[in-house]
Amino acid sequence: MRAGRRTTKWLWRWRSNPLRRRADVLEAWLVLVVWAIIAVGGTLAGVVTAQAADSVFAQQRAERIPVAAVLVSDTTQPGAKSYYRALAKVRWTSPDGSTRTGNTLVDTGLKAGSHIMVYTDREGELSTQPPSRSAGDVESAVLGTAAALGVTGLALGAGALARVRLDRRRFRQWGTEWALVGPKWGHKTG
């Protein structure tokens, strides 16, 4: 038995057809535009977001300086719940040579006088540890993917909303046309 001939045609929505309506052509263009936005806009949004995040993380790594500090208070209080990190007072020397104190998160189980590493900004104020190169790369990729998915979701949502409106318009047109043609097809009773 011979294989059947392909019944669908490429770009059929744009081909001349006596049954094709203006709404069908609009829907075809709408689908094309939505997929173009997803392909180009989603990719562009993902790449731009990932590059921006990567540059922010690189700037943080360049601006935050590791500094040796001394723990002023113990990190474990008697009777308190044991956590992985605790807020404790530390003392460090800023780049201008002055001694400063402040509170930061440190590992639990350390005694006063323990030497730890903290991160400061260029002015010598306490700061959080910047993300490592690999952690920054992973976070940049996640943010870029989220941005691409966001653009994709917006494009699909807007396209679906537009198609619903086109369908409603088509249903109204079909109802109007049926009201004109329908009575001519049937037998009249009565």
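Helices (H or I, at least four residues) and strands (E, at least two) are DSSP runs, numbered from the N terminus. The model is predicted: local features need pLDDT of at least 70, side-chain atom pairs count only at pLDDT 80 or more, and totals for chains, interfaces and linings use all residues. Residues are numbered from 1 along each chain as its sequence is written, and side-chain values use heavy atoms, without hydrogens and water.

Strands β3 (99-107) and β4 (115-120) each supply at least two residues of the lining of the largest pocket. A pocket is an open set of points on a 1 Å grid over the protein atoms alone, where a 1.4 Å probe fits, with protein on both sides within 12 Å along at least five of seven lines; lining residues have an atom within 4 Å of a point. Of the 13 lining residues, Arg 85, Thr 104, Leu 105, Val 106 and Met 117 lie nearest the centre of the pocket.

Helix α1 (residues 22-63) packs against helix α2 (residues 133-185) at about 160°, with the axes 7 Å apart. That makes α1 roughly antiparallel to α2 (angles over 145 degrees count as such).

Residue classes compare as follows (Ala, Val, Leu, Ile, Met, Phe, Trp, Tyr, Cys and Pro are nonpolar, Asp, Glu, Lys and Arg charged, the others, Gly among them, polar).

| Site | Nonpolar | Polar | Charged |
|---|---|---|---|
| Lining of the largest pocket | seven residues | four residues | two residues |

Phe 171 and Trp 174 both lie in helix α2, three residues apart.

Definitions and conventions
Axes are lines fitted to C-alpha atoms, for helices over the stretch in contact, and angles run from 0 to 180 degrees between N-to-C directions. Angles under 35 degrees count as roughly parallel, over 145 as roughly antiparallel, 65 to 115 as roughly perpendicular and the rest as oblique.
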